[in-house]
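Subject: Structure handover

Hello,

I am passing this structure on to you. Please open it first, then read my notes below.

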Amino acid sequence: MTPEILMLALAAAAIAFVHTILGPDHYLPFIALAKARDWGMQKTLRVTMLCGVGHLAGSVAIGVLGIALGIQLSSLEWLESVRANFAAWLLIGFGLAYTVWGLRQAHRNRPHTHWHSHGGATHEHVHSHHQDHAHVHEKTADGKSLTPWVIFIIFVLGPCEPLIPLLMYPAARENLAGVLVVTGIFGIVTVLTMTFLVALSLRGLESTKMKRFERYYHAVAGSAILACGLGVSFFGL
């Protein structure tokens, strides 16, 4: 490994770490969905890693194709910008739809009172249908949730903007090993940072018990995804 590629690899690791931390869309949707849909830690991290790999694969494919065809960096950056806007609006649309559905679920599952008579004594019974109905619409006919696949598709379509410029330098020097090293390090650091942030956040939320607000979890998850989409689209997060 040449000194130039070593420096580029270190830069790739640093950029991947900072880019992931500063982009809440890399981890906040998984945290919110895990709480709303009662995913276990293993499932949440599995979905996070799958989406992270898909997120990187799209940019790697475009970068490699661009290098093979000799496309200029400015053209690839323009394409990645278009993909970023498209993915952001998909997040906004999904987040908005999920928020509306979550608010409807919260309204349907609001606590209400039933009066019962037993042996001449009358008492009230307050309950909600949260346990019965909270997850009715989560699954398809075969019992599997579509939500992870929706998020996965959005992440595949969404670009990883810093990666392509990093690939161009070793490619310009016709150093295939350098391309592989930079891609591998950037990808590993990105996915590990995503899973670490998700796992750390879920551990921190384990002790948080808010039974009164459980029926709003779906609406909160949708709002978090919506906020991520708005942040990417209008603030470049």
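Here is what was found, from the whole chain down to single residues.

Please keep in mind that this is a predicted model.

**The chain as a whole**

The chain has 237 residues, and 42% of them are buried. Its secondary structure comes to 9 helices and 2 strands. The accessible surface is about 13,200 Å². Carbon and sulfur atoms hold 68% of that surface. I also looked at contacts between residues at least 6 apart in sequence. Of these, 78% join residues at least 24 apart.

**Two helix pairs**

Two packed helices are described by the angle between their axes and the distance between the axes.

Start with H1 (residues 3–22) and H8 (residues 176–205). They pack at about 25°, and their axes are 8 Å apart. Angles under 35 degrees count as roughly parallel, so H1 is roughly parallel to H8. The crossing of H1 and H8 is right-handed. On the H1 side, the contact residues include Ile 5, Leu 8, Ala 12, Ile 15, Phe 17 and Ile 21. On the H8 side, they include Val 181, Ile 185, Phe 186, Val 189, Met 194 and Leu 197. What kinds of residue make up this contact of H1 with H8? It has 16 nonpolar residues, 4 polar ones and no charged ones.

Now turn to H2 and H6 (residues 147–157). Their axes come within 12 Å and cross at roughly 175°. The cut-off for roughly antiparallel is over 145 degrees, so H2 counts as roughly antiparallel to H6. H2 contributes Phe 30, Leu 33 and Arg 37 to the contact. H6 contributes Thr 147, Ile 151 and Phe 155. The contact of H2 with H6 divides into 4 nonpolar, 1 polar and 1 charged.

Is Tyr 27 buried or exposed? Its relative accessibility is 17%, so Tyr 27 counts as buried. Leave aside its neighbours within four places in sequence. Tyr 27 is then in contact with Thr 20, Ile 21, Met 194, Leu 197 and Val 198. Thr 20, Ile 21, Met 194 and Leu 197 are also named in the contact of H1 with H8. Phe 196 is 169 residues from Tyr 27 along the chain, yet their C-alpha atoms are separated by 9.2 Å.

*Asp 38.* You will find Asp 38 in the loop between helix H2 (28–37) and helix H3 (41–69). Its relative accessibility is 64%, so Asp 38 counts as exposed. Most residues other than glycine have a negative phi. Phi of Asp 38 is near 60°, a positive value.

*Gly 66.* This one is in helix H3. Gly 66 has a relative accessible area of 1%, so it is buried. Which residues does Gly 66 touch, leaving aside its neighbours within four places in sequence? The contacts are Ile 71 and Leu 76. Gly 66 and Leu 76 are 10 residues apart in sequence. From C-alpha to C-alpha, they are 7.0 Å apart in space.

That is the handover.

Best wishes

How values were computed: Residues numbered from 1 in each chain as written. Predicted model: local features only at pLDDT ≥ 70, side-chain atom pairs only at ≥ 80, totals over all residues. Heavy atoms only, no water. Axes fitted to C-alpha atoms, helices over the stretch in contact; angles between N-to-C directions. Helix = DSSP H or I, 4+ residues; strand = E, 2+ residues; numbered from the N terminus. Parallel < 35°, antiparallel > 145°, perpendicular 65-115°, else oblique. Left-handed = near helix turned anticlockwise from the far one by under 90°. Contact = heavy atoms within 4.5 Å. Nonpolar A, V, L, I, M, F, W, Y, C, P; charged D, E, K, R; others polar. Buried < 20%, exposed > 50% of the residue type's maximum accessible area, 1.4 Å probe, protein only. Areas by Shrake-Rupley, 256 points an atom, 1.4 Å probe, with all protein chains shown as cover.
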